Each structure stands twice: as C-alpha cells, then as structure tokens.
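Let's take a walk through this model together, from its packing to one helix and then to a single side chain. Have the viewer open as you read.

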Amino acid sequence: MEHLILLEDWAVVMAISALLILLCHKLRLPTVFGYIIAGMIIGPYTPPHLLVTDTSSINIFTDLGIILLLFSLCLDFSLKKIYRLGIKIVLAALFKTLFMIGIGFATGLAFGWSRMDSIFLGAILSISSTAIVAKILIDSRKSREQTSVVMIGILVVEDFFAILIITMLSSLASHTALTP
C-alpha cells in the first residue's frame with residue numbers, strides 16, 4: 001500500500017510541475033520558476049489540503065533532483081575557467097558576502113532583533129543559490145559566455161564562504177546557548 005501512496009504523490013508532483021513548467025515556457029520564463037512555484041503549491045505548508053501525503057519520500061526525490069542538478073552544473077562549467085579568473089572572483093565574492101552580512105546585520109538591529117539574530121539574518125542574505133542561477137543560465141543557453149563563467153565562479157567561491165559561515169555560526173550559536 002505504501003508503494004501506491006508514493007506513486008500517487010509522485011503523480012501529483014509530476015502533474016503540477018509539468019503544468020507550471022509549460023506555463024513558464026509559454027510566458028518565456030526560466031523553467032526553474034515553475035519548479036519553485038510547484039514546490040510552494042505542493043509543499044506541506046500550503047493550505048487548505050496537503051497534496052502530498054508522504055513528504056519524507058518526496059524529500060528524498062527532491063534531494064536527488066538537487067544532486068543531479070548540481071552534477072549537471074559541474075558538467076557544464078569548468079573549474080579551469082574559474083581558476084583562471086583567480087583573485088578577482090575571490091575578492092568579488094568576499095566583498096558581496098561581507099556587504100550582505102552587513103546589510104542583514106544592520107536590518108536586524110533596526111528591527112530590534114538581538115545581535116545573534118541579526119548576524120544570522122546577514123548570513124542568510126549573504127548566501128546565493130548557485131544551483132538556481134546555473135539552471136537559469138543553462139536553460140537560456142548562456143552558460144558558456146564569459147560573464148556567466150565569472151558569475152558562476154563568484155557563486156562557487158561564495159559557496160565555500162557559506163560553508164565557513166555555517167560552521168562559524170553553528171559553533172557560535174552552540175557556545176552562546178551554553179553561556180548563561
């Protein structure tokens with residue numbers, strides 16, 4: 001019986017996704033917007049009814065989809081091209097990351113949030129979605145252009161910064177939680 005539920009859920013996901021992708025294609029929008037809207041419609045937080053009953057199984061498929069998307073990204077972009085750009089993309093990524101952390105921190109403080117919450121807001125704002133940008137570039141057939149390579153290079157470096165930020169914030173949050 002569990003297999004039948006999984007198939008029903010999968011059919012709902014595929015049908016809604018297909019409709020929204022076709023709509024995005026007709027409106028000349030990137031297909032990734034269709035995927036995002038489909039996820040919002042299908043997700044467990046969309047009232048009034050759950051369209052998918054076994055969310056844990058569907059989460060496995062979404063994780064697999066992200067892995068395949070990132071794999072296709074790696075096939076399309078060469079690290080040699082990114083490496084040739086060198087320090088320029090590292091500095092651009094560092095500036096953008098620090099700038100967005102500063103904006104988020106200042107915004108959080110302006111809303112009266114604690115310093116820790118403001119730091120987390122800044123960290124959230126500093127992280128971009130490499131997969132989303134790459135999918136849009138691949139769909140629009142602009143992934144091999146020099147500006148696209150530079151953009152993806154900056155996003156890849158930002159991903160490394162994101163790993164550092166997440167590591168530092170998780171240790172900072174756990175240290176703060178232990179301190180009275």
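Two residues are in contact when they have heavy atoms within 4.5 Å of each other. This is a predicted model, in which local features need pLDDT of at least 70 and side-chain atom pairs count only at pLDDT 80 or more, while totals for chains, interfaces and linings use all residues. Residues are numbered from 1 along each chain as its sequence is written, and side-chain values use heavy atoms, with hydrogens and water left out.

Start at leucine 20: leaving aside neighbours within four places in sequence, leucine 20 touches Gly34, Ile37, Ala38 and Ile41. Leucine 20 belongs to the largest nonpolar core, whose seven residues also include Val13, Ile16 and Ile58. Such a core is a set of buried Ala, Val, Leu, Ile, Met, Phe, Trp, Tyr and Cys residues joined through side-chain atoms within 4.5 Å; buried means under 20% relative accessible area, with a 1.4 Å probe and protein chains only. Helices H1 (2-26) and H2 (31-42) each give two or more residues to this core, and H1 gives the most, with three. Helices here are DSSP runs of H or I, at least four residues long, numbered from the N terminus.

Now look at H2, where Thr31, Val32, Gly34, Ala38 and Ile42 are buried. Seen down the axis of H2, these buried residues fall within an arc of 150°, so they line one face of the helix. That arc is taken from the directions from the helix axis to the C-beta atoms.

Finally, visit glutamate 158 in helix H8 (residues 146-178). Glutamate 158 is buried, with a relative accessible area of 6%, and is in contact with residues including Ala93, Lys96 and Ser126, leaving aside neighbours within four places in sequence.

Note on methods. Buried < 20%, exposed > 50% of the residue type's maximum accessible area, 1.4 Å probe, protein only.
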